[in-house]
Amino acid sequence: PTLSGVEAELAGRIDATDRLAEVVAWRLPDLVGFQDVAYAGRYADAIARVRSAEVEVTDSDALSVVVATQLHRLMTYKDEYEVARLSLGAGMEAQATARFGPGAKIAYMLRPPSFNVDRKLAFRPAVARPMFRTLVRMKRLRGTRFDPFGRTAERTIERQLIGEYLELVDRLLAGLSPENHVETARIAGLIDQVRGFDEVKLDNVARYRAEVQAAINAHERTVG
């Protein structure tokens, strides 16, 4: 993708291989769209830190690529603002029309938290799209005390996981060596199992936390 000037500046902070540069180039604009330039800058600085440590011990970029992929996924969690942004993306309704025909009736299946319902409700585009545009404008509230959607257990854990992952990466980098590089990349990739929604995601988080704690304990015994 073609990066804007500020996105290119962020990418330039990273001493990237071709493969890592491609991974980052696809994700920086997404992070800017998710929140803002400062948010994308936090991501770029983290990847630059990983890459700087990695080049000291190996020619491989495996650790940097894993962290670049997983950190982006954590930082772009699918809250109400992000679902709205993605739903307004170019071509969504055009794709539906192309698949089901020009006479197809299009509806967005949503379960707004404020409606207190256990099933998804159908919203036609004429209703849904203005609602989506309003939510996208509200994304500056994300994670603040004024965020009307940010107090649920799932949203709270999603934000916690970002900080936990960055702390884990820094902890791994402190003992990074040529001998443990492959294992370090594996541990950094354990977060990939945290997927799904609602109770499924919360169960996966608990499983991940237990697994990564066991892995990091064994890893640090080896380093020590």
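Predicted model: local features only at pLDDT ≥ 70, side-chain atom pairs only at ≥ 80, totals over all residues.
Local features were considered only at pLDDT of at least 70 and side-chain atom pairs only at pLDDT 80 or more, whereas totals for chains, interfaces and linings use all residues. Residues are numbered from 1 along each chain as its sequence is written, and side-chain values rest on heavy atoms, with hydrogens and water left out.

The structure contains four aromatic pairs, where rings of Phe, Tyr and Trp (its six-membered ring) pair if their centres lie within 6.5 Å, and planes under 30 degrees apart count as stacked, over 60 as edge-to-face and the rest as tilted. One of these pairs joins phenylalanine 34 and tyrosine 39 in a stacked arrangement, with 5.5 Å centre to centre and 20° between the planes. Phenylalanine 34 counts as buried because its relative accessibility is 1%, and tyrosine 39 is likewise buried, with a relative accessible area of 14%; buried means under 20% relative accessible area, exposed over 50% and partly exposed in between (1.4 Å probe, protein chains only).

An edge-to-face pair is formed by tyrosine 81 and phenylalanine 149, at 5.4 Å centre to centre and with 70° between the planes. This pair links distant parts of the chain, 68 residues apart, as tyrosine 81 belongs to helix H5 (residues 80-87) and phenylalanine 149 to the loop between helix H7 (125-137) and helix H8 (153-174); helices (H or I, at least four residues) are DSSP runs, numbered from the N terminus. Both tyrosine 81 and phenylalanine 149 are buried. Phe34, Tyr39 and Tyr77 form one aromatic cluster.

For the backbone, most residues other than glycine have a negative phi. Aspartate 198, by contrast, has a positive phi, near 55°. Aspartate 198 is found in helix H10 (residues 198-223) and is partly exposed, with a relative accessible area of 30%.

The second largest pocket holds about 270 Å³ of space. Of the 14 residues that line this pocket, Arg73, Tyr77, Lys78, Val194 and Lys201 are the closest to its centre. On a 1 Å grid over the protein atoms alone, a pocket is an open set of points where a 1.4 Å probe fits, with protein on both sides within 12 Å along at least five of seven lines, and lining residues have an atom within 4 Å of a point. Helix H4 (62-75) and H8 are the elements that give two or more residues to the lining, and H8 supplies the largest share, four residues.

Methods: Points joined across faces, edges and corners; volume = space filled by probe spheres on them.
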